[in-house]
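Hi,

Here is the structure I promised to pass along.

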Amino acid sequence: MDFSLTEEQKAMQEMAKNFAEKKIAPTMEEDEKEHKFRREIVREMARLGFFGCIAPEKYGGNESGVLAATVMTEEIAKVSPSWGLPFNLQMNSIQSVLLSFGTEEQRERWIPKLISADTLGCFAITEANTGSDVASMKTAAQEVEGGFVLNGTKMWISGVPVADVGIVYAYTDRALKHKGMSAFMVDMHSPGVTQKAIETKLGLYCAPTGEIVFEDVKLAKENLVGQKGDGFKICMAMLDNTRLSSAARAVGVARACRDHSVRYANEREQFGQPIANFQMIQEQVAEMFVEEEAARMLVHRAAWMKDQGMRNTIEVSCAKYFAAEVAVRAANTAVKIFGSYGFSTEYPVERFYRDAKSYQIVEGTSNIQKMILARHALGLK
């Protein structure tokens with residue numbers, strides 16, 4: 001197995017690194033304080049080809065692959081985890097679903113606009129009382145002559161309230177339980193759709209998150225993705241892609257925490273010498289380094305497998321679970337190394353501490369990943 005980076009992938013990685021440092025970092029702290037989302041940053045990312053990695057050229061993609069997207073996501077998240085999210089919203093969710101399950105008409109209509117960021121995307125699964133138990137959702141799409149009527153509410157949806165289009169999961173036949181769930185492409189500016197921002201978040205301040213209310217939203221038959229009843233299958237396939245991207249962002253956070261800690265440990269002096277000379281600091285940095293490297297290898301393996309056309313559900317869960325835990329531990333350690341300054345907004349490690357917690361929750365919690373992995377290891381269905 002060889003998933004080392006090609007020269008093209010290294011060039012894209014460097015491009016993302018430079019972009020994050022030059023376009024995101026200069027206004028990042030100010031934007032964080034104001035909870036400010038800059039649409040122009042997403043468009044600039046699009047112009048550089050960030051969101052075309054999985055799509056064929058005929059839709060505006062560059063087909064550079066999942067591993068290329070993964071290393072770019074990591075570089076962006078090293079500077080700001082908030083700005084790693086557009087990879088999921090513009091590419092790994094809707095594009096992956098349409099490429100695998102959509103019609104040619106749906107692909108031609110939506111994918112080029114998502115790649116160019118002329119259209120901002122989202123995907124809507126979670127509800128107020130529906131998180132890990134996807135099949136407990138209440139949102140429903142009743143079939144009527146000529147299409148469907150959508151009603152329900154989605155919560156904690158990334159990209160809301162700025163989204164232009166979303167892939168929405170809803171029941172078309174509740175009696176069939178998870179086999180009665182379907183997936184729909186929904187124009188978020190349609191009559192009956194209301195987007196509301198959620199401001200009460202611990203972190204990811206520059207990444208919009210919100211609630212969507214659907215009230216008698218009329219959908220044409222052409223809005224259905226795949227067949228009726230394919231929604232759960234489509235959702236699980238999509239999560240293999242979005243979870244991997246989340247894991248890449250977590251690795252970026254872990255790397256950022258290590259970089260800041262190393263720099264601070266070499267500058268901060270106590271007892272007449274840099275604290276980097278103290279063995280307990282060295283132990284902490286060594287643990288951060290090893291765990292980050294291991295997480296990166298898991299993430300890169302899962303991405304490489306996807307590029308080879310191999311199923312990678314278990315490998316994605318391994319990467320998502322471990323990278324999320326590593327990011328939280330790295331952020332926690334960084335705060336301790338910084339001491340009182342780690343508790344201050346004067347340095348960025350407190351921001352990474354807050355942002356890192358999201359990775360234990362989004363796209364399937366750490367407990368869900370452990371459940372998937374345990375069932376696999378035990379041979380249970």
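This is a predicted model: local features need pLDDT of at least 70, side-chain atom pairs count only at pLDDT 80 or more; totals for chains, interfaces and linings use all residues.

Residues are numbered from 1 along each chain as its sequence is written, and side-chain values use heavy atoms, with hydrogens and water left out.

The largest nonpolar core has 41 residues. By nonpolar core I mean a set of buried Ala, Val, Leu, Ile, Met, Phe, Trp, Tyr and Cys residues joined through side-chain atoms within 4.5 Å. Buried is under 20% relative accessible area, exposed is over 50%, and partly exposed is in between (1.4 Å probe, protein chains only). The members touching the most others are Leu-244, Val-253, Cys-257, Val-299, Ala-323 and Ile-337. At least two residues each come from H3 (66–79), H7 (231–267), H8 (279–307), H9 (313–338) and H10 (349–356). H9 gives the most, 13 residues. Helices here are DSSP runs of H or I with at least four residues, strands are runs of E with at least two, and both are numbered from the N terminus.

A second, separate core has 26 residues, including Leu-98, Met-181, Met-238 and Leu-239.

Next, H2 (residues 39–47). Its Ile-41, Val-42, Met-45 and Ala-46 are buried. Seen down the axis, the buried residues of H2 fall within an arc of 140° (taken from the directions from the helix axis to the C-beta atoms), so they line one face of the helix. Their cover includes H1 (7–34), H4 (86–92) and H6 (104–116). After H2 comes Gly-49, with a positive phi near 90°.

On the strand side, E2 (residues 140–144) and E3 (residues 147–158) pair antiparallel over five bridges; pairing needs at least two DSSP bridges. Glu-143 sits opposite Phe-148 in E3.

Finally, how many disulfides are there? Counting cysteine sulfur pairs within 2.5 Å, the answer is zero. For Cys-257, the closest cysteine sulfur is in Cys-206, 17 Å away and too far for a bond. Cys-257 is buried at 0% relative accessibility, whereas Cys-318 is partly exposed at 23%.

Cheers

Technical notes: Contact means heavy atoms within 4.5 Å.
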